[in-house]
Amino acid sequence: MNVQETMAAFDVEQIRSQFPALNQTVYGRQLVYFDNGATSQKPQIVIDAIDHYYSKDNSNIHRGVHYLSQLATQQYEDARGRIQKYINAPLSEEVLFTTGTTGGINLVAFSFGETLNEGDEIIISAMEHHSNIVPWQLLCERKKCVLKVIPINQKGELLLDAFDELLSPRTKMVAITHISNALGTINPIEEIIEKAHAVGAKVLIDGAQSVQHTTVDVQALNCDFYVFSGHKVFGPTGVGILYGKKELLDAMPPYQGGGDMIAKVTFEKTTYNELPHKFEAGTPNISGGIGLGKAIEFLEQLDMKAVQQYETELLNYAQAELLKIAGLQLIGTAAHKTSVVSFIVDGLHPFDVGTLLDKQGIAVRTGHHCTQPVMDFFKIPGTIRASFAFYNTKEEIDLFIKALKRSIEMLR
Amino acid sequence: MTLEEKQNEIIDEFAVFDDWMDKYEYIIELGKELPMIDPSKKTDDRLIEGCQSRVWLATDVKDGKMQFTADSDAIITKGIIGLLIRVLNNEDPKTIATADLHFIGDIGLQEHLSPTRANGLASMVQKMKLSALKAVTV
């Protein structure tokens, strides 16, 4: 199927019409939004749900006896249930609301980390986002654990042989990204999870770049923890999900103390609430949770296979067009890639290219993408990154390529 | 020419551009043409690390006037540095310390000086003013 045919089957215009932010001009030009790796735009049903919550149902949840509180609690817990089904988590109490991917990883690194001992080992990879590096470094400092890093090759793929050598009975945690935000690499997490489990290690998957591109089934994966952010999956900012296996979450100590997470408080001894509340101290981001539920409802209506195929066609088209430009080098050429194109242009600073693209209405990301070790590996200061969502089009890629060519001409 | 006159001169120069790309074309030319910092002064202690681009700034006081030279690895940053230096060079420390650099906003480049932009320029202006303040108090 070529791009046009898929587009017809997929009806991108119908999808675009549900994202009001896409339909605007910046600097007098039609906006081309290619910064989906950083955050996604929101469909109208998510915006309406948040608007409705604050206009009508605003109330604190879980404690109120009154009508609005019960209404808000119901919606918030319905959202949890919807997300549970979407990622195929066995139990709703295994689905914790967090502040986002970063919040989820910090929770696990702190709380699961409390069960670790001096000399225990944690494995991450060379392509991790800073959010999946620094919490583990903090844990290593606190508990005198050892951090080990799976190296990558020039294509931006994990070296699995090296991973085999890093694994040992001392390995307690393998924390790995499903899809690299800087390179687009889709990692073979099934294999990684299986190998990690074989030595008795637990596995956390950073799904910040995954749920928007692919279906995630935490039971099929058999991962121990899976984290993602609401705002990257067409939901609001400030909310995210941590899935964790019940027996692990039950055994872990609370991360933060406060309201909602307690069963009984006395000055002598406090007992903690059951899952998921044990890890949800304080009034949560109620509208965020409800909005995220709506975003998942939106995703449910899509055929994710068609989405993947369409995004792959966008990726292939963009890469082919980019490679026609002299002096342009793709950073991240893994065999299995999602719709992220990182590149550099000989002699040009990514910031300059990004600034000129912006003035032509093209929103891309430039810099190190919070993956400084990846940039160090490729010996570059940063890249220009275009990341596509299913609402982007081939016509937008044409506009982007045209604007890029003009930018390069101006800078050379 | 006073600092204010220099700012107005730049505002006039930019008034002819009604297209963003023309404006940036001009900034890029400034970035390419302007004599920048002596390579021996591109040292780590003069480096202002931004998230996006890096800036080196050297300051000097000559006959009671401030002298700045600077460089950046990004050409647009370099062009804007050129404008800032044109306005601030050869001015009294006191004038610089209290200068309202409104021309940047007037020509539509405020985003580059916003502290959240992280291209090193906001920190550079702050350093220029601090070094001027230091020269006043010495």
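Predicted model: local features only at pLDDT ≥ 70, side-chain atom pairs only at ≥ 80, totals over all residues.
Me: Where does domain 1 of chain A end up in the numbering, and where domain 2?
Reply: Domain 1 is made of two segments, 3-30 and 304-411, while domain 2 covers 47-300. The C-alpha centres of domain 1 and domain 2 of chain A are 29 Å apart. Their contact involves 32 residues from domain 1 and 29 residues from domain 2 of chain A.

Me: What area is buried between domain 1 and domain 2 of chain A, and which atoms give it?
Reply: About 2400 Å² is buried between the two domains of chain A, and carbon and sulfur atoms give 64% of that. On the side of domain 1, M304(A), T338(A) and F377(A) supply 23% of the area buried against domain 2, more than any other three residues.

Me: How many salt bridges and polar contacts run between domain 1 and domain 2 of chain A?
Reply: Start with the general idea. Side chains of opposite charge can pair when their charged atoms come close. Between domain 1 and domain 2 of chain A the count of salt bridges is zero. Polar contacts are found there, in 13 residue pairs with both members at pLDDT 80 or more. On the side of domain 1 that touches domain 2, the elements giving two or more residues are α12 (304-322), β14 (340-345) and α14 (372-378) of chain A. Of these, α14(A) gives the most, with six residues. By class, that side of domain 1 has 17 nonpolar, twelve polar and three charged residues.

Me: What does the interface of chain A and chain B consist of?
Reply: It takes 17 residues of chain A and 20 residues of chain B. The two chains bury about 1600 Å² between them, with 61% on carbon and sulfur atoms. In chain A, the residues that lose the most area to chain B are F351(A), K359(A) and M410(A), together 39% of what that side buries.

Me: How many salt bridges lie between chain A and chain B?
Reply: There are two. One of them joins the side chains of R29(A) and D19(B), at 3.4 Å from N to O. The interface of chain A and chain B also has seven residue pairs in polar contact, both members at pLDDT 80 or more. The elements of chain A that give two or more residues to the side touching chain B are α13 (350-359), β16 (365-367) and α15 (394-411). The largest share of that side, six residues, comes from α13(A). Its residues divide into five nonpolar, six polar and six charged.

Me: Which parts of chain A does the salt bridge of D260(A) and R63(A) tie together?
Reply: For such a pair, read the distance, then the sequence separation, then the accessibility. The closest N and O atoms of D260(A) and R63(A) are 2.8 Å apart. D260(A) is in the loop between α10 and β11 (262-265) of chain A and R63(A) in the loop between α3 (44-57) and α4 (67-86), so the pair ties together parts 197 residues apart in sequence. D260(A) counts as buried because its relative accessibility is 11%, whereas R63(A), at 45%, is partly exposed.

Me: Which residues of chain A are linked in a network of salt bridges?
Reply: R82(A), K294(A), E297(A) and E300(A) are linked in this way. Over all chains, a search of the whole structure finds 26 salt bridges.

Me: What surrounds S387(A)?
Reply: For a single residue, take its element, its accessibility and its contacts in turn. S387(A) belongs to strand β17 (residues 383-387) of chain A. At 2% relative accessibility, S387(A) is buried, because the cut-off for buried is under 20%. Leaving out residues up to four places away in sequence, S387(A) touches F34(A), D35(A), N36(A), G37(A), S339(A), V340(A) and N392(A). A polar atom of the S387(A) side chain lies 2.6 Å from the backbone nitrogen of G37(A).

Key
Residues numbered from 1 in each chain as written. Chains lettered and ligands numbered in written order. Heavy atoms only, no water. Domains from an automatic or database assignment. Contact = heavy atoms within 4.5 Å. Buried area = accessible area lost by both parts, 1.4 Å probe. Salt bridge = Lys/Arg side-chain N within 4 Å of Asp/Glu carboxyl O. Polar contact = N/O pair within 3.5 Å; in protein donor to acceptor, adjacent residues only side chain to side chain. Helix = DSSP H or I, 4+ residues; strand = E, 2+ residues; numbered from the N terminus. Nonpolar A, V, L, I, M, F, W, Y, C, P; charged D, E, K, R; others polar. Buried < 20%, exposed > 50% of the residue type's maximum accessible area, 1.4 Å probe, protein only.
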